Structure formats: structure tokens, C-alpha cells
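Dear colleague,

Please read them with the coordinates open.

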Amino acid sequence: MKDTTPAEKTFRELQEDLRKIHAKIVEQEEIFVKERAKWEAENRCHYNKNEFFINRCRWEAEYKKRHFQSVYEDRRKAVKDVPCFWVTAMYANKIIRKEIAKHDEDALEFLKDIKSCRTDDLKGFQLEFMFDSSNPYFKNEVLTKKYELKDGGECTFLKAVGTEINWYPGKTLTESIEKMTIGSEVVQVAQTCQSFFNFFATKTHRTSLCLDEDADKLKGNIIPLDYAIAVILRDDIIPHAISWFNYDEEGAMDEEGAMDEED
């Protein structure tokens with residue numbers, strides 16, 4: 001019989017903990033969908049369309065704080081001993097994967113948690129990326145990206161406000177240093193390069209998109225890439241991170257977040 005080492009036992013116990021936590025999240029999501037439908041049926045007639053959306057967002061935020069916060073905290077504690085948990089979960093999604101450069105991977109290994117919350121006006125949302133203090137690439141322990149929606153009449157202004165990253169010297173992952181000859185002099189210049197951390201740049205998108213209040217996201221022919229990534233993180237990666245960590249995109253999506261029980 002094959003010997004079972006303490007390390008293997010620890011790994012198996014950890015896997016079982018993650019399965020139980022994921023099952024709790026799925027259970028809470030099923031209850032949430034039913035409770036939201038009940039709230040909508042009871043309240044739709046009391047508000048106009050915009051008021052209904054705002055009040056539903058307020059109800060959702062309060063509900064999730066009461067019923068999801070503790071299980072997400074259990075997950076955070078469980079995955080702190082899982083190497084590369086969040087970068088692996090993100091990399092499983094083909095859209096996010098394209099934005100992660102090879103040189104980003106070491107820095108993303110220090111990512112401890114990702115959270116989402118509503119903006120104060122309830123129309124937008126904010127993502128929070130929590131990093132370990134031992135991260136040797138930048139000093140920030142929290143990087144945020146906030147999406148604010150402003151009605152511009154015929155168009156929607158989408159303001160994406162990101163954290164300015166305080167890089168350690170020589171560690172800037174969003175720039176590459178290139179040599180360039182200017183006249184008779186060879187100089188070094190910094191050029192923007194591919195990096196997931198470009199996601200945290202502040203941008204204002206003046207778009208012809210409109211807010212799909214039922215889906216709680218912008219809709220239109222062309223969606224800004226950083227916004228699309230943010231919605232994927234908010235709606236798919238954060239709630240189903242354990243499923244994304246264990247499986248590729250097709251497996252995770254086919255099961256709609258449910259984990260396969262096979263070893």
C-alpha cells in the first residue's frame with residue numbers, strides 16, 4: 001500500500017474544506033435567487049424602473065453582506081495555504097488569461113483575495129485586490145478598480161478609477177526599458193508593455209452603451225475590455241473561485257460553478 005505522507009493528508013483535508021465551502025456558496029446562491037425573485041415580485045409595482053433598480057441593488061448589497069460575507073471569509077482563510085490560488089482561478093478564464101503576461105505571474109502569486117462591492121450611488125461597483133505585504137513588486141496591499149456610470153443623455157459615461165501602483169525600483173511590470181538612438185546618443189526609454197496590471201489604469205469611456213438593469217451590466221455592440229474583465233471577475237471568478245481554480249473554463253462553466261466530485 002502506498003504510504004500517505006502528512007503533506008498529502010494536509011492537501012486532502014484542504015481539498016475537502018474547499019469542497020464544503022464551495023457547496024455552501026452554491027447553496028447560498030440558490031437561496032439568494034429565490035429571495036431576490038420574491039423581493040422583486042413584492043416591490044416592482046412600488047417604483048419606477050430606475051427606482052426599482054436602485055432599491056434592488058440596495059437590497060442585494062445588504063442581503064449579500066448578511067449571508068455571503070462569512071462564507072467568503074471562510075474561503076479566504078482556507079485558500080491562504082493554497083499556492084497560486086487566485087492567479088490560477090483567473091488564468092482559467094480565456095479572456096483574463098490573454099491579459100496576464102508571463103512576467104505578471106510571480107506578482108499575482110501574492111494575491112490573497114478579491115472582493116466586490118457597490119459604489120455609493122449603487123449604480124456602479126468596485127473590485128478590491130488584496131495582496132500579501134511580502135509582495136516584492138509594489139508597496140500597495142490593496143489595489144482597487146471602481147466603475148462609475150453617469151448618464152450623458154444620448155450616451156453613458158463610464159469612468160473607471162484605478163489605484164496608482166507604487167512600484168518598487170526596477171519592478172514596474174507595466175513598462176519595458178528599450179534602448180533608442182537619438183542623434184549620436186543611445187538612451188533608455190520606458191515603453192508600456194502588456195501586463196494585467198494595466199487593468200488598474202484610470203480611464204473614462206464615452207460610450208453608446210446602456211445599462212441592462214436586469215443583468216446589472218452595460219450592453220451594446222462594443223464593450224470596453226477592462227469593463228468586460230471587471231464584470232467577469234465580479235460575476236464569475238469571485239463567487240466561483242474554487243471551481244475556476246480546480247478546472248478549466250469549460251469545466252467550470254459547464255457545471256455552472258458546481259465542483260465535480262471525481263478525484
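Which residue in E7 does lysine 159 stand opposite? In this model, which is a predicted one, lysine 159 stands opposite threonine 204 in E7, and glutamate 148 in turn stands opposite lysine 159 in E4. Strand E4, residues 156-162, is joined to E7 by 5 bridges, the two running antiparallel, while E3 and E4 also pair in the antiparallel sense, over 7 bridges. The covered face of E4 consists of Thr156, Leu158, Ala160 and Gly162, whereas Phe157, Lys159 and Val161 make up the uncovered one.

Turning to the aromatic residues, the structure holds 25 aromatic pairs. One of them is edge-to-face and is formed by phenylalanine 138 and phenylalanine 197, at 5.5 Å centre to centre and with 65 degrees between the planes. This pair links distant parts of the chain, 59 residues apart, with phenylalanine 138 in the loop between strands E2 and E3 and phenylalanine 197 in the loop between strands E6 and E7; both residues are buried. The pair of phenylalanine 196 and phenylalanine 199 is stacked, because the ring centres are 5.7 Å apart and the planes lie at 15 degrees, and both of these residues are buried as well. One aromatic cluster is formed by Phe129, Phe131, Phe138, Trp167, Phe196, Phe197, Phe199 and Phe200.

Two lysines also deserve a look: the charged end of lysine 145 sits over the ring of phenylalanine 199, 4.4 Å from its centre, and that of lysine 171 sits over the ring of tyrosine 137, 5.2 Å from its centre.

Terms used:
Residues are numbered from 1 along each chain as its sequence is written. This is a predicted model: local features need pLDDT of at least 70, side-chain atom pairs count only at pLDDT 80 or more; totals for chains, interfaces and linings use all residues. Side-chain values use heavy atoms; hydrogens and water are left out. Rings of Phe, Tyr and Trp (its six-membered ring) pair if their centres lie within 6.5 Å; planes under 30 degrees apart count as stacked, over 60 as edge-to-face and the rest as tilted. Helices (H or I, at least four residues) and strands (E, at least two) are DSSP runs, numbered from the N terminus. Buried means under 20% relative accessible area, exposed over 50%, partly exposed in between (1.4 Å probe, protein chains only). A charge sits over a ring if NZ of Lys or CZ of Arg is within 6 Å of the ring centre and within 35 degrees of the ring normal. Two strands pair if DSSP finds at least two bridges between them.
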